[in-house]
Amino acid sequence: MNRFKTAVLLTSLTLLMIGLGAAIGGQGGMYLAFFMALAMNAFSYWFSDKIVLRMYGAREISEMENPAFYGMIRRLTVQAGLPMPRVYIIPSESPNAFATGRNPDHAAVAATEGIMRILTPEELEGVMAHELSHVANRDILISTIAATVAGAISMLANMAQWAAIFGHRSDDEEGGGVIGTLALAILAPIAAMLIQLAVSRSREYLADEGGARLCGHPRSLANALRKLDQASHLLPMQEARPATAHMFIVNPLTAGGIARLFSTHPPMEERIARLEQMGR
């Protein structure tokens with residue numbers, strides 16, 4: 001169901017982009033904006049792992065440095081039939097973890113020092129199984145596609161605003177006129193952002209399910225999420241950036257109220273409930 005939902009959401013993004021391009025009144029601008037967004041996100045796709053790991057000061061470790069943690073990752077990758085990823089430690093007391101890399105052959109997993117201290121070995125194994133599930137599902141690729149289309153929509157919206165203000169079409173011409181174009185230019189990026197967030201949430205549910213099956217202990221992952229959620233509010237990651245928040249297993253940025261509607265992560269209560277249901 002989550003895979004189907006992701007496909008529907010990506011299709012919706014594409015249709016939204018096409019509709020906005022049609023509102024502008026020409027294919028040339030639509031193609032230009034799309035290929036600009038594609039170029040920017042292609043760069044991000046190829047180099048995002050290095051950029052993000054450097055951003056958080058992650059340090060690659062060997063099996064000799066931390067045989068227990070490294071051995072856990074190795075065991076999980078063998079069970080999942082994945083290549084061994086690079087393993088990193090982030091020097092932060094805020095407990096969290098993420099995976100990055102454009103495909104399983106170029107993947108990396110990273111965990112903070114803080115997460116090592118508050119989780120039991122079984123809970124930590126559940127977290128890392130979740131991250132390896134992201135790798136197996138090629139979620140970095142899917143997120144990049146969503147970001148590419150959403151970025152193109154934002155560019156087209158800017159073009160549509162200028163076209164509506166300085167264009168010479170009347171309200172009777174095809175495309176809805178100035179008011180219709182301006183309304184679409186304002187609403188389309190908001191809709192694209194909400195769809196992109198929905199894609200991210202669907203992938204988190206899928207990674208929870210895959211991680212629980214990989215480690216074999218859904219309740220351990222549920223307990224880990226409960227601890228991480230509480231700790232993230234007490235000790236948020238100060239160096240975290242909104243652009244990379246979706247990568248972490250729990251949102252490193254504290255947000256409540258209406259801001260939860262724009263969260264890259266599903267409600268923690270729902271994630272825990274689903275895992276506990278699996279463990280029955």
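1. Let's start with a cut-off: a residue is called buried when its relative accessible area is under 20%, and partly exposed when it falls between that and 50%. E123 has a relative accessibility of 7%, so E123 counts as buried. Please keep in mind that this is a predicted model.

2. E123 forms a salt bridge with K227, and their closest N and O atoms are 2.9 Å apart. This pair links distant parts of the chain, with E123 in helix 5 and K227 in helix 8, 104 residues apart. K227, at 29% relative accessibility, is partly exposed.

3. Helix 8 has another link worth a look. R226 forms a salt bridge with E276, with the closest N and O atoms 2.7 Å apart. Because R226 lies in helix 8 and E276 in helix 9, the pair ties together parts that are 50 residues apart in sequence. Both partners are partly exposed: E276 at 24% and R226 at 30%.

4. The structure holds twelve salt bridges. Among them is the one between D49 and R86, whose closest N and O atoms are 3.2 Å apart. Here D49 sits in helix 2 and R86 in strand 2, 37 residues apart. D49 is buried at 3% relative accessibility, whereas R86 is partly exposed at 27%. You will also find E204, D208 and R271 linked in a network of salt bridges.

5. Now to the aromatic rings, where the count comes to three pairs. Y56 and F98 form a tilted pair, 6.2 Å centre to centre, with 55 degrees between the planes. Y56 lies in the loop between helix 2 and strand 1, and F98 in strand 3, so this pair ties together parts that are 42 residues apart in sequence. Y56 is buried at 4% relative accessibility, and F98 is buried at 1%.

6. F98 also pairs with F248, this time edge-to-face, at 5.0 Å centre to centre and 75 degrees between the planes. F248 is in the loop between helix 8 and helix 9, so its pairing with F98 in strand 3 ties together parts that are 150 residues apart in sequence. F248 is buried, as is F98. Together, Y56, F98 and F248 form one aromatic cluster.

7. One more ring to inspect is that of Y205: the charged end of R274 sits over it, 3.6 Å from its centre.

8. Finally, an unreviewed UniProt entry places the feature "active site" at E131. This residue is found in helix 5 and is buried, at 0% relative accessibility. Leaving aside neighbours within four places in sequence, E131 is in contact with A97, F98, A99, V109, M247 and I249.

Notes
Residues are numbered from 1 along each chain as its sequence is written. This is a predicted model: local features need pLDDT of at least 70, side-chain atom pairs count only at pLDDT 80 or more; totals for chains, interfaces and linings use all residues. Side-chain values use heavy atoms; hydrogens and water are left out. Rings of Phe, Tyr and Trp (its six-membered ring) pair if their centres lie within 6.5 Å; planes under 30 degrees apart count as stacked, over 60 as edge-to-face and the rest as tilted. Helices (H or I, at least four residues) and strands (E, at least two) are DSSP runs, numbered from the N terminus. Buried means under 20% relative accessible area, exposed over 50%, partly exposed in between (1.4 Å probe, protein chains only). A charge sits over a ring if NZ of Lys or CZ of Arg is within 6 Å of the ring centre and within 35 degrees of the ring normal. UniProt positions are given in the numbering used here, feature names are shortened, and annotations may be inferred rather than shown by experiment. Contact means heavy atoms within 4.5 Å. A salt bridge is a side-chain nitrogen of Lys or Arg within 4 Å of a carboxyl oxygen of Asp or Glu.
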